[in-house]
Amino acid sequence: MRKRNESVTVEHERAAAAAAPGPLDKGCSLRRSLRLPASAAAEGMKRPLGRRYGLWFRLRKLILWLLGMYIAIPFLVKLCPAIQAKLVFLNFVRVPYFIDLKRPQDQGLNHTCNYYLQPEEDVTIGVWHTVPAALWKNARGKDQLWFEEALGSSHPVILYLHGNAGTRGGDHRVELYKVLSSLGYHVVTFDYRGWGDSIGSPSERGMTYDALHVFDWIKARSGDNPVYIWGHSLGTGVATNLVRRLCERETPPDALILESPFTNIREEARSHPFSVASARYFPGFDWFFLDPITTSGIKFANDENVKYISCSLLILHAEDDPVVPFHLGKKLYNIAATSRSFRDYKVQFVPFHTDLGYRHKYIYRSPELPRILREFLGKSEHEHHH
């Protein structure tokens with residue numbers, strides 16, 4: 001019995017020994033157990049390849065989309081000139097947002113009245129009239145009739161024509177009104193048809209007619225007081241259109257001030273920072289992008305208009321202007337200075353150095369501006385009274 005048990009035990013131990021791996025087998029077995037199945041390894045190799053392929057696919061898709069836009073946009077602009085007109089006017093950009101143009105006092109203009117005038121049937125334009133700071137106390141709580149009668153007081157009037165985008169309530173425009181008011185001027189400004197809360201469709205002809213209507217409205221109330229016209233940026237195109245027309249009918253203003261002017265809209269569009277790279281590298285740039293502007297009837301030909309203007313002219317331009325290049329303002333001055341129409345009138349160009357940082361719309365910050373206007377307009381007032 002004991003012998004049988006011993007034999008069973010010996011056999012059990014042998015079986016266990018056979019089942020137990022040796023040192024080498026143990027390591028090999030461990031390595032085998034860590035080895036991935038063939039299918040899993042193949043899947044792991046595919047993942048980086050799949051990611052690289054996915055990135056390349058998306059990049060290629062983006063390149064094709066950009067190429068398609070690069071080709072499609074010029075043809076779209078060419079076929080629809082109204083698009084280019086929109087980009088010139090930018091009247092759909094109404095910054096600052098959420099202001100009530102009926103309440104100029106919300107912009108710190110407590111001595112300003114809001115009017116609405118009607119230059120043509122189905123056209124209504126919003127107008128702001130800021131009286132000189134000396135009349136500030138008297139203006140509080142007064143109605144439109146009082147403001148209209150105030151135009152006849154012994155203070156000169158400036159009709160301000162703003163540039164594209166925004167409204168008459170734009171921040172830099174409001175700051176200029178305050179400066180001019182503090183210097184003793186009435187300031188009358190308005191939004192062209194299609195801008196701000198003014199009703200109508202924008203066009204060069206319409207903008208010029210709106211300005212003419214407001215000028216005549218001022219002259220009917222201002223008596224013998226001097227009336228000056230101040231245009232900024234795109235507003236310089238409206239200003240020279242207006243003054244040329246006034247000179248042709250022999251009712252010129254007492255002076256014209258052009259801030260950041262260009263020569264003509266075609267040259268300005270070509271010189272704009274957004275256009276420079278395209279004009280340099282895009283074949284047929286003029287045909288695709290500039291010709292549609294002309295097709296839309298937009299010229300704003302300051303360089304032609306100044307040849308028919310007979311009143312004093314002051315040009316203000318910052319050297320670091322990124323929107324209307326400084327050289328265009330200088331070129332316009334050179335054209336005007338040699339024009340026979342200015343033979344008996346003062347033509348002055350005032351540059352503002354790059355270090356001042358006035359750029360396209362901050363010349364109002366210049367501490368020299370009051371002196372410049374006093375010296376220039378003082379002479380114009382002298383000419384007016386004699």
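**Charged and aromatic side-chain contacts**

Both Phe190 and Tyr192 are buried residues, and in this predicted model the two rings have their centres 5.3 Å apart and their planes at 80 degrees, so the pair is edge-to-face. Ring pairs also link Phe190 and Tyr192 with Phe89 and Trp195 into a cluster. Across the model there are twelve aromatic pairs and 14 salt bridges, and the points below take up some of these contacts by topic.

**Salt bridges around Glu120**

- Glu120, which is partly exposed at 24% relative accessibility, meets the side chain of Arg193 in a salt bridge, with an N to O distance of 2.7 Å.
- Arg193 is itself buried, having a relative accessible area of 4%.
- A salt bridge also joins the side chain of Glu120 to that of Arg205, at 3.4 Å from N to O; because Arg205 lies in helix H8 and Glu120 in strand S1, the parts tied together here are 85 residues apart in sequence.

**Arg244 and its partners**

- Arg244 forms a salt bridge with Glu248, and the closest N and O atoms of the two residues are 3.2 Å apart.
- Arg244 and Glu248 are four residues apart in helix H9 (residues 234-248), and are therefore separated by about one helical turn.
- Of these two residues, Arg244 is partly exposed, with a relative accessible area of 24%, while Glu248 is exposed, with a relative accessible area of 53%.
- Elsewhere, salt bridges that share partners join Asp210 with Glu120, Arg193 and Arg205 into one network.

**Trp146 and its surroundings**

- Among the twelve aromatic pairs is that of Trp146 and Phe147, whose ring centres are 5.2 Å apart and whose planes stand at 80 degrees, so that this pair is edge-to-face.
- Trp146 counts as partly exposed at 21% relative accessibility, whereas Phe147 is buried, with a relative accessible area of 2%.
- Lys142 lies over the face of Trp146, at a distance of 5.7 Å from the ring centre, and Trp146 is thus described here both by a charge over its ring and by its ring pair with Phe147.

Definitions and conventions. Residues are numbered from 1 along each chain as its sequence is written. This is a predicted model: local features need pLDDT of at least 70, side-chain atom pairs count only at pLDDT 80 or more; totals for chains, interfaces and linings use all residues. Side-chain values use heavy atoms; hydrogens and water are left out. A salt bridge is a side-chain nitrogen of Lys or Arg within 4 Å of a carboxyl oxygen of Asp or Glu. Buried means under 20% relative accessible area, exposed over 50%, partly exposed in between (1.4 Å probe, protein chains only). Helices (H or I, at least four residues) and strands (E, at least two) are DSSP runs, numbered from the N terminus. Rings of Phe, Tyr and Trp (its six-membered ring) pair if their centres lie within 6.5 Å; planes under 30 degrees apart count as stacked, over 60 as edge-to-face and the rest as tilted. A charge sits over a ring if NZ of Lys or CZ of Arg is within 6 Å of the ring centre and within 35 degrees of the ring normal.
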